[in-house]
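Please look over the structure before reading on.

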Amino acid sequence: MEYSILIVITPFLLFLFLGLVGGKLKPNVAGLIGTLGMGLCAVLAYTVAFQYFFNVGKIGESWSQIVPFNFVWLKFTDLLHIDLGVLLDPISVMMLVVITTVSLMVHIYSLGYMKGETGFQRYYALLSLFSFSMLGLVVATNIFQMYIFWELVGVSSYSLIGFYYQKPSAVAASKKAFIVTRFADLGFLIGILILSFYTKTFDFASLTANDAELVTTSFAGGTFMGLSLATWALALIFMGGAGKSAMFPLHIWLPDAMEGPTPVSALIHAATMVVAGVFLVARMFPVYFFAAPDVLTMIAYVGAFTALFAAVIAITQTDIKRVLAFSTISQIAYMMVALGVSEYGGHDGLGYMASMFHLFTHAFFKALLFLGAGSVIHAVHSNEMKDMGNLRKYMPITNITFAIACLAIAGIIPFSGFFSKDEILAAAYHNHPAIFWTLWFVAGLTAFYMWRLYYSIFWNGDKKYDGHHKPHESPWTMAVPLVILAVFSIFSGLIPFANFISSDNMPFYTHIDWKVASLSLVVAVTGIFVARMLYRKASTKPAEIAQKMGGLYTASLKKFYMDEVWGWVTKTVVFRYICEPIKWFDRHIIDGSMNGLAWVTQKSSTAIRGLQSGQVQFYTWFFVAGTLVIALLVLFL
Amino acid sequence: MNFSNFLLMGQETGLIVVVIILFFCDIFSTGKTAKWFYPLSIILFSILTLWGFCPKPEGEAFGGIFVTSDMTVLMKNILNIATLLVFLQSYRWLNSKEQSEEKGEFFIITLITLLGMYLMVSANNFMMLYIGMETASLPLACLAAFNKHQEKSAEAGVKFILISALASAVMLFGLSFLYGAMGTLYFNDMSLTVLNNPVTIFGLVFFLGGLGFKLSLVPFHLWTADVYEGAPTSVTAYLSVVSKGAATFALIFALFKVFGSMDIVWQNIIWWLSVITITLGNLFAIRQKDIKRFFAFSSISQAGYILVGIIAYNAQGMTATVYYILAYVFSNLAAFAVISAVENQSGKTSIAAFNGLYKSNPKLTLVMMLSVFSLGGIPVCVGFFSKLFIFLAAASAGQYVLIFIVVLNTVISLYYYLLIILAMFIKEPEESAVATFKSDIYNRIGMLICVVGILAVGLVSGIYSYINSLNWVI
């Protein structure tokens, strides 16, 4: 399995190649090289997955962790060292498949979507860099390697969101994304430091081994502000995950990040980067479960609230990409909830499996939704719903694939989203009824706003487009990925996921919980039906309802003023009371001491220049005198 | 006579064989074959360098005056790499009209000084150390005066030989004190009988004076700038890196092996020497207009940094110091590769000649940039890691005040290193600026090695661990 390292290295080489000489290539050639390279990665990832799941992965009854490649990079002690390696276990192999598939689709799609853009080569170089970072993150053998790639993901997504760097809004969005996630990563880093300080290791394998024995024993009852240190460390680590996965209140960067090219949104903000936080918690799941169950409960509540919150906002947004962005936040929150309510081992670990399952299916249908939205935007040159409508007549492929994705995300049987969402709801149902009913309600909202989106784009009256801007179906480079992802969105739910992924790596069997499934089907169908009533034909009903809702509608449209709250916190509190004093200190004390040092240096340099006279007599005199002075000083002082 | 002793002297013997081969080749190569002399020398010496990395036996020879261990082998390998890099830089200079007759001499004399440095590193007896040092010093005076038609070069040679003679007298004087106090010059025996009394201290200080000349520590440094400026650039590079490296290795062995029990005394001396050396080196470096003089003072202050590593009398200090030399080899020789390229092209060695170099020769400029970044200790470059390790070593010995002073000095050194960057990237070129040119293939290979060294050595953590794993006492 040594070749699995190639999956990570290939995108990096592509990045170097495209970044250094891409500018000299023709755009199409650069794009094709990038796409072929990603294709190679995908083939390798599928081979690894096949070999792992059907040949070497299963030892006895359980899935093993394989480390086919490891390089000790920095060694502090025998236990504490930073490695760069590849760790293959069910979730990392699954992620390899997801990332390479979606990334390949986005690579192909971008050949059409980005055609003629300036910086086409740079775009492909950055896509490769992002894929490299994300792949390195999921195969990390230790938490520090994960952190390194975590930051790389942040940097590459920053440059992709800010791809249209001449657009001020894109620049602002990229800065916002970087600063918010970076702020969360500060917590992640502190968490890592606390954790490794007590456990003396970074290794996932050692941390999670034997029911996370190392973590539970090594913290030995240390507390801080009434919470145990283990809780602090893991809560801080979760903060990093919450930042990347856009959990409330750190979600504010994700909607703005839609300023990036749409395929980038499909790759980063739907399928890969934003699930990094979920992956992190899943990777550390035994540690969370045994060492800090309170944090898991917190994750469940944060997730449930975020799911509801984002779904409510999604209902009122008019920019189709923003609807998808909030829907992403909501769906990722689903995965977080599933981890939060999960227990460990066997069928009790249903939530863990459900979370990974939903991550898997969501990656495909959400990427499909984004790419479909991109196709629509490509056709009508606008993000706003009011500029769309009746597009089913112009864009048949986009229409059908988009509908499939909407069915999947709404959780209609037998599309993939139904199965994974059912498992999450079942897990919540048995452990936290309150959370279950919240999620159930959110499922209804999801169905409603997705179908509102669908009907507004593809139906909603007989909107006519004047000849000049007549929408047309996208070229085959864009249509093919849509069709492939649609196939995935339909069938990926049929995989018996519990056979492959479980909290304790022991396969178990699940069945569809029909009571939960029928409840969720009822609410989903209701949601779709309401959307159909309101939006299938152009009408004034939605506006009237919005009128009646009054304040609630406005609050939702304004995203519950979270941006304003953060703006107030940073501008009035942080800037005035923290940054200003620091700035003063920097200007006067730090700069002052440096200027003083420079002044002293210049003066003394002038003062002693006579020493270098060029005369050998003086040199010898100085030599001997110096030696004698040193000797005498040592003797008599 | 026990010939097995010679087996332990593998590298020395190999070097002598290379010298003899080159000697005969030089005599018998005339006319057409002469142009093959340079590549032959490079190939032979590269083979010797590579062979140095093969495993070697450890042990003492000749009744214990000569000692070899994996650590000394590593040190000699570092010196070999540095010498090879210097040779690679010297191609154009040696093939210029004035020098083309004397190629052979340059190689042979340089390699003989290298032999002396091998002996310094492997010495386990002060007499051996002294002989090694003399072998390494006297021929260097010839090299300094190698451009014999140039007044400055002759001046450099004279100054070097005078101060060198003085230094060796001072050192011998010190050794006689030590012999008087202990009755032996063998490191192993001395370490058993060394006592903290005035005679020994006098001996130690004078010995340090002798080696301080080679390391160009303040106050034994005044020759440095004049000699570095006057000597041919390749010789300056050799003096500033190889000669210094060998002196460092000899010093650290002598201090650690012999004077271990009086570490408080020499740590005090080293403390002051290092502070004065770094500070004075920095203060002078700021004012320089000539790039070779500039690097003379930069190398003085670098010698001070080396002492910071030595002050930690433990394995970590040893590792950090050796690592520092390795880093210094790549960083400093990269700069000299650029200097000699520019000098051979334009005949100029002023810093002003580098103004606007980025526009005409971007690649050379990047090499120079990496070099000064590494010397200044900017992260990713190996110089950052080497500085970090000597600071860590000093911290392990509790020398926090020293670290503070040295870090302040690092800020100053960044200032003058950035002056070079400023000249190359921002200043407008002079009227008679250096035009775009292509360096010879040898120099380019040398620069490539340096760049790879600067960028890779720090990140390949195995190198530090390897040095750390070597046992420095037999």
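## Helix packing and the chain interface

α8(A) and α13(A) are roughly parallel to each other, because angles under 35 degrees count as such. Their crossing is right-handed, that is, the near helix is turned clockwise from the far one by less than a right angle. The contact includes Leu234(A) and Phe238(A) of α8(A) and Met298(A) and Val302(A) of α13(A). Two residues are in contact if their C-beta atoms, placed from the backbone, lie within 7 Å.

This is a predicted model: local features need pLDDT of at least 70, side-chain atom pairs count only at pLDDT 80 or more, and totals for chains, interfaces and linings use all residues. Residues are numbered from 1 along each chain as its sequence is written, while chains are lettered from A and ligands numbered from 1 in the order written.

| Helix pair | Angle | Axes |
|---|---|---|
| α8(A), residues 229–244, and α13(A), residues 293–316 | about 30° | 9 Å apart |
| α8(B), residues 151–182, and α11(B), residues 223–230 | roughly 145° | within 8 Å |

In chain B, α8(B) passes α11(B) in a left-handed crossing. Among the residues in contact are Phe160(B) of α8(B) and Trp223(B) of α11(B). The contact divides into five nonpolar, two polar and five charged residues.

Now the two chains. 22 residues of chain A are in contact with 29 residues of chain B. On the chain A side, α24(A) gives the most, with 11 residues. That side divides into 12 nonpolar, eight polar and two charged residues. Ala, Val, Leu, Ile, Met, Phe, Trp, Tyr, Cys and Pro count as nonpolar, Asp, Glu, Lys and Arg as charged, and the others, Gly among them, as polar.

Key: Axes are lines fitted to C-alpha atoms, for helices over the stretch in contact, and angles run from 0 to 180 degrees between N-to-C directions. Helices (H or I, at least four residues) and strands (E, at least two) are DSSP runs, numbered from the N terminus. Angles under 35 degrees count as roughly parallel, over 145 as roughly antiparallel, 65 to 115 as roughly perpendicular and the rest as oblique.
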